[in-house]
Amino acid sequence: MANTKSDVFSTLDKINVNGHTEVKEAGGVKLTYLSWAWGWKEVKKVYPDANYEIVKFDGIPYAYDPNTGYMVYTKVTIEGITHEMWLPVMDSNNRAMKAEPYEVKTKYRSFTVAPATMFDINKTIMRCLVKNLAMFGLGLYIYAGEDLPDSGDEVVETTPVKQEKKSTPKSAPKEKAEPKNEDDVVPMCAHCFKPIPAHDNYTPQQVANLTMHNLKKQLCWDCAHDYQEKIKAEKEKKQAEDAQANAPAPEYAIDEQTRLPFPMDEN
Ligand SMILES: [Zn+2]
């Protein structure tokens, strides 16, 4: 059978994806997600030779830029046709996640965008693959409305959440560790932007999980140690300042304007 580009598209476009989607509320918008496992199975049923690729950068399955965040890339090839797709790693408000938390101020509210974890990156890769399949027609209609504005919120300002001025090398992920097992996803340190090495009995992923749990950041052991020391020092400094500020508390803090009239003496 002669498969042309339009054959593939019209074949996959006809597949009904209803019942294999999940709707998630994100930042006031309902987003529909198609199951990757299901979608891939449907494609392979029709095109057993179909394959996909998660694009790596020196073995790392994403590109990171401190200003714009994480971006993942995939490629899918069906019947000799390759389409690429890319997707930024975003939080539930559809804001780009970075290695550090940052605050977004809109006209009406402000919120903090949490740093991305490997879980977020992994999830995005799978979504990217699903979207990549949509380029071939599968579930394309799901994305039909996605270019609509997500909410009325216009970003007024984004600021890093208390960035410490430390000698954190700002280098992009260039010189990376050995590409490991193809399926291995290497956790990255949010401070030095290097792959997290194993430490003692901990695997890199365990170090990442541990630091994320304890410090709310995914860090390598050395950066975690430095960061912990820094937090401790800041805490002590703050305690000292608070102690000073709390010293002479006035007993009555009501000013003249808000003071109730003194009750009149009866008799
Ligand atoms: Zn580090």
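**Exercise 1. Which handedness does the crossing of α2 and α3 have?**

Solution. The crossing of α2 and α3 is left-handed; that is, the near helix is turned anticlockwise from the far one by less than a right angle. The model is predicted: local features need pLDDT of at least 70, side-chain atom pairs count only at pLDDT 80 or more, and totals for chains, interfaces and linings use all residues. Residue numbers start from 1 along each chain as its sequence is written.

Next, the geometry. Helix α2 covers residues 36-46 and helix α3 residues 118-134. Helices here are DSSP runs (H or I, at least four residues), strands likewise (E, at least two), numbered from the N terminus. The two axes come within 10 Å and cross at roughly 35°. Axes are lines fitted to C-alpha atoms over the stretch in contact, with angles from 0 to 180 degrees between N-to-C directions.

**Exercise 2. Which residues make the contact of α2 with α3?**

Solution. From α2 come W36, G39 and V43. From α3 come M126, L129, V130 and L133. Contact means C-beta atoms, placed from the backbone, within 7 Å.

**Exercise 3. How do strands β7 and β8 run, and how many bridges join them?**

Solution. Take β7 (residues 102-106) and β8 (residues 110-113): they run antiparallel, joined by four bridges. Pairing requires at least two bridges found by DSSP. Y102 stands opposite V113 in β8. A hairpin of three residues links β7 to β8.

**Exercise 4. Where does L210 lie?**

Solution. L210 belongs to helix α4, residues 204-215. Its C-alpha atom is 9.8 Å from that of W221, 11 residues apart along the chain.

Conventions
Two residues are in contact if their C-beta atoms, placed from the backbone, lie within 7 Å.
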